[in-house]
Amino acid sequence: MAAGEAARQDFARHWQAEFPGEPAPRMELGSVRAMERELERCRRHLRRLQRALAEERFKVGYLEAALAR
């Protein structure tokens, strides 16, 4: 079995343990460089999601306070 395939299977096994019933996302894990690119892509995505979450939390807090007045 190639190293990339072993890494994909390992990732899928861990994903299923964390998110039962959800298919593991496809990622390029065939080399260290490919894993580094995936890591950077995931970090960028996480930053966008954290920003969106902060914006939604702000709106919820503002609206709750406005309605309470």
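Apart from its neighbours within four places in sequence, Ala24 contacts Phe11, Ala12, Trp15 and Gln16 (contact: heavy atoms within 4.5 Å). Ala24 sits in the loop between helix H1 (3-18) and helix H2 (32-68). Its relative accessibility is 29%, so Ala24 counts as partly exposed (buried is under 20% relative accessible area, exposed over 50%, partly exposed in between, with a 1.4 Å probe and protein chains only).

The model is predicted; local features need pLDDT of at least 70, side-chain atom pairs count only at pLDDT 80 or more, and totals for chains, interfaces and linings use all residues. Residues are numbered from 1 along each chain as its sequence is written, and side-chain values use heavy atoms, without hydrogens and water.

The protein has two helices and zero strands (DSSP runs, numbered from the N terminus: helices are H or I with at least four residues, strands E with at least two). The radius of gyration is 18 Å, well over the 11 Å that the globule rule gives for 69 residues, so the protein is more spread out than a compact globule. The radius is taken over C-alpha atoms, and the rule is 2.2 Å times the number of residues to the power 0.38. The C-alpha trace spans about 65 × 25 × 10 Å along its principal axes. Buried residues make up 7% of the 69 residues.

Residues 32-59 are 100% helix and 0% strand, and their end C-alpha atoms are 41 Å apart.
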